[in-house]
Amino acid sequence: MKQINGYSKLSKEEKIDWVVSNYFSGDVSVKQELLSYWHEDVAVQKIFDDFCENTLTNMYMPYGVAPNFLINGSWYCLPMAIEESSVVAAMANAGKFWGERGGFHATIIGTTKIGQVHFTYVGDKQILFEQFPVLKKELLEGAKYLTVNMDARGGGVLDVELIDMTAFEADYFQLKVSFETCDSMGANFINSVLEEYATLLKEYVTRNNFPGTLKVILSIVSNYTPDCLVRAWVECPIEDLGIVGGLQPREFAEKVRMAVRIAEVDPHRATTHNKGIYNGVDAVIIATGNDFRAVEACGHTYAARNGRYSSLTHCSLENDTFKFWIDLPLAVGTVGGLTQLHPLVKRSLQILGNPDAKQLMQFAAVAGLAQNFAALRALTTVGIQQGHMKMHLLNILNYLEATEREKEQALAYFKDKVVSFTTTRVLLEQLRSASKEVE
Ligand code: MEV
């Protein structure tokens, strides 16, 4: 029996029992395992349970920090939640490298967010455009009760535009609304305003006896926010790069510039290049309780804004200066959502000095840039596998249930050798049989 009605109405334990009996032949050890990940403090566990429907237990993810990040002249420690073994180590490398060369710089280019009411109007579109200035006033006034708090915080609705989309699809129009949502990510606020606008739009058309037929299709925030944009960069005289991975400074700089250029022109490479950037961005976004799916979706659309998917970072070597930068659209919040609820998110924000949304945009962009620099530094010199496999070795050793002593021996053994699952297993077998002989 693998279908069930009313699963969400069961108690948490009943939900676990159903899964265990249907997928683990009722094995009580599986139930015990799931229960063992519950938080011992019932009140904390209740918070996690309520984030989502049908919660059975918690899934752990490493939570770490990358200290020593010099950003706009101050030192920061970046909290990161990520399961990929080499990411935090790479961050630490890049943080140290640029900390000795003036640090990271970041500036906000814009903070505008977008929402849309998509609708069809079958009839003469001229009347829509003629009436729009009056309608716009009514929309702004009619949703004031929803925007008054945000207005008081210095945000709110910035503009409402009527867009003719009939070149793409017959009878299709949209209200494109721009917002300032201050320190909140703003999706809930934006969606509430948009739904109110949709209602007011329909009322207006009915009340004024428009000759055509208007149908609202949907109203929703757009996760594409090209005008909610942050720039982060590093720069130094090329000579100051020093010898990197055995390469002279200029040769290293030229290889990095070319590596970035390849990602600018080749979508296959750009995808991996940008994935590496999001290793850093997502880790900070998750640790601070923000929506990494929205952040990623936005970044990838931005990366394709010129009609061809391309690199999010850029590099120039003008006037003997190495300059490496990222322009990243990031809609994030430091109030609302999970930020006041998840205990570790609160800690992350404290570690960052309780930043506002603009500062958090800067931290996340720096994390992306640092991660990309670390990847390019390895890729253009010793290759990526050396660092990756060292971290991966620990995962293999844990999987093979190596003791702390065996881990030390394995790390020493693989210092100058290529790591693989088989060689690690064989090494452990040798170590174990050698220690048996000694006994
Ligand atoms: C791996 O998670 C990320 C990299 O592949 C990024 C890149 O190739 O630039 C190392």
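A polar contact is a pair of N or O atoms within 3.5 Å; within protein, one atom must be able to donate a hydrogen and the other to accept it, and residues adjacent in sequence count only if both atoms are side-chain atoms. In the predicted model described here, local features need pLDDT of at least 70 and side-chain atom pairs count only at pLDDT 80 or more, while totals for chains, interfaces and linings use all residues. Residues are numbered from 1 along each chain as its sequence is written, and side-chain values use heavy atoms, with hydrogens and water left out.

Around the ligand stand Glu-84, Arg-269, Thr-272, His-273, Lys-275, Gly-276, Asn-279, Ala-375, Leu-379 and Ile-384, each with a heavy atom within 4 Å of the molecule. A polar side-chain atom of Lys-275 is placed 2.7 Å from a ligand oxygen, and one of Arg-269 lies 2.8 Å from an oxygen atom of the ligand. For Asn-279, a side-chain N or O atom is 2.9 Å from a ligand oxygen.

Helices (H or I, at least four residues) are DSSP runs numbered from the N terminus. Axes are lines fitted to C-alpha atoms over the stretch in contact, and angles run from 0 to 180 degrees between N-to-C directions. Helix α9 (residues 267-287) packs against helix α12 (residues 357-379) at an angle of about 135°, with the axes 8 Å apart. The pair is therefore oblique, the class left after angles under 35 degrees (roughly parallel), over 145 (roughly antiparallel) and 65 to 115 (roughly perpendicular). The crossing of α9 and α12 is right-handed, meaning that the near helix is turned clockwise from the far one by less than a right angle. Contact (heavy atoms within 4.5 Å) joins α9 residues including Arg-269, His-273, Gly-276 and Asn-279 to α12 residues including Gln-371, Asn-372, Leu-376 and Leu-379. The contact residues comprise nine nonpolar, seven polar and one charged; Ala, Val, Leu, Ile, Met, Phe, Trp, Tyr, Cys and Pro count as nonpolar, Asp, Glu, Lys and Arg as charged, and the others, Gly among them, as polar.

Helix α5 (residues 125-142) and helix α7 (residues 187-207) cross at roughly 135°, their axes coming within 10 Å. These helices are therefore oblique to each other, and the crossing is right-handed. Among the residues in contact are Leu-135 and Glu-138 of α5 and Tyr-197 and Arg-207 of α7. The contact of α5 with α7 contains eight nonpolar, two polar and three charged residues.

The axes of helix α1 (residues 12-23) and helix α2 (residues 28-36) come within 10 Å and cross at roughly 140°, which makes α1 oblique to α2. In α1, Glu-13, Ile-16, Asp-17 and Val-20 meet Val-30, Lys-31, Leu-34 and Leu-35 of α2.

Notes: Helix = DSSP H or I, 4+ residues; strand = E, 2+ residues; numbered from the N terminus.
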